[in-house]
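Here is a short briefing on one helix and a set of charged pairs. Keep the sequence and the 3D view open while reading.

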Amino acid sequence: MIPNACRTYSCRVLISVLLVAVGCTHPGDESSAQERIPTWSLRSDLRIGSADDPDYSLTYVADLEIGSDGSVFVSQPQDRTIRVFDRRGRFLRTIGRAGEGPGEFRHVSQIGWIGDTLWVSDAVLRRVSFFGRGGNLRRTLRFSLPSSGYYLPSMPLGFTKDGSVLTSPSINSSFLVSGRGIRVPLLRADRTARVLDTIAWRSAASEALVLQQGRVVSNYQPFRDTPIWRVAPSGEYVVVLDRTSARSAQRTGFSMTKIGIRGDTLLSRRYYYTPKPIPQRVADSVVSVAANDVAASFPSRSRAVEAVRAAMYLPRYQPPVSDMVVGVDGTIWLMREGIGEAQNTWMILDSSGRILAQLRTPRGLSVLQARSNALWGVEYDELGVPYIVRYWIDTGSGRR
């Protein structure tokens, strides 16, 4: 059983509340250099959404892209469309509709830009559609890296400057059992899905919750610490973050590497920090919430708790980074460990990996796009209604 988007969202919100309520921790001592980095602040600027207006009422938001004129392109997988708003948040148009014909979708998987062309991948139809900024269909591309062993068919993660495709297969979750050292490749392929090169590898060990009893499979591991990779919006490089949880309380580090599309290392830096423990009561609460979600598949709730605890990855210390966003201006945004904190803390790097600043964002904000003077994301109201939000960033220099 794989939770749908709504159930996964509800589970994560509840777990986030538990983490704040019962897991209060305090930041570890950082180096004197990191203590001196400035703190930027946010100013709310735009909010798009509605509970009842059909033009503005959003369903689950999977992805978001910003046009060169500031317009906002919002992926709506449940509606099988892309919703477009101008820079002031006014509804402009809808791109696509449900179907299998030209310009139609069975599933909107991911969106991105190639110059002035918006590309939209459809994992069900195994194709990519290319649209002009006005929503006109320009062409379509059949693309699907075939399944192999425990790898499932894969779709594009991004398109490079030379026209090749960056892609990575997903894993059949039933293979992700204890002791299986499955690794996932990041591949460069041509547009016929012929693999040209392997750019990087990452472990998939803690990426899914697999309960052998009852054959329940969830795609949610709250403390996953496998490497994160993100394709730069320019398509010129990939950022790989090694964020393995610490094994002791001793000061340690995590690494950020920029890799070119031919697999060459462009930059590699390491950042040191003091590990923060995961309180036992927090781990117990997370297990309890996950057990509630799958209890119907077990003869008793206690059996569900036992199965979840056995399958869940529960390191002693928090992974040092829980999310990463690569900005359109080359900045790199790392969301640091935050159990027990009322806000999320982001460490912002420039294109050379130097720490620019830290920024605190609301706990309920999921950041989808960022640059050094603004960020865009999704927030939910108390009824679970999603809103697209834009915040301006005050760097303290007077610029915006």
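Buried here means under 20% relative accessible area, exposed means over 50%, and partly exposed lies in between. The model is a predicted one.

**Helix H3**
- Helix H3 covers residues 280-294, 15 residues in total.
- From first C-alpha to last, H3 reaches 21 Å, close to the 21 Å expected at 1.5 Å a residue.
- The buried residues in H3 include Val282, Val286, Val289 and Val294.
- Ala283, Ala290 and Ala291 are buried in H3 too, as are Ser285 and Val287.
- Aspartate 284, by contrast, is partly exposed, with a relative accessible area of 31%.

**A link from H3 to H4**
- Aspartate 284 forms a salt bridge with arginine 309, with the closest N and O atoms 3.2 Å apart.
- This pair links helix H3 to helix H4 (residues 301-311), 25 residues apart.
- Arginine 309 is partly exposed at 36% relative accessibility.

- The structure holds 14 salt bridges.
- Arginine 138 pairs with aspartate 116, the closest N and O atoms being 3.3 Å apart.
- Arginine 138 lies in strand S9 and aspartate 116 in the loop between strands S6 and S7, so the pair ties together parts 22 residues apart in sequence.
- Arginine 262 and aspartate 162 meet in a salt bridge at 3.0 Å, N to O.
- That pair joins the S18-S19 loop to the S10-S11 loop, 100 residues apart.
- Arginine 262 is partly exposed at 47%, and aspartate 162 is partly exposed at 39%.
- Asp162, Arg188 and Arg262 are linked in a salt-bridge network.

Methods: Residues are numbered from 1 along each chain as its sequence is written. This is a predicted model: local features need pLDDT of at least 70, side-chain atom pairs count only at pLDDT 80 or more; totals for chains, interfaces and linings use all residues. Side-chain values use heavy atoms; hydrogens and water are left out. Helices (H or I, at least four residues) and strands (E, at least two) are DSSP runs, numbered from the N terminus. The expected span of a helix is 1.5 Å times one less than its number of residues. Buried means under 20% relative accessible area, exposed over 50%, partly exposed in between (1.4 Å probe, protein chains only). A salt bridge is a side-chain nitrogen of Lys or Arg within 4 Å of a carboxyl oxygen of Asp or Glu.
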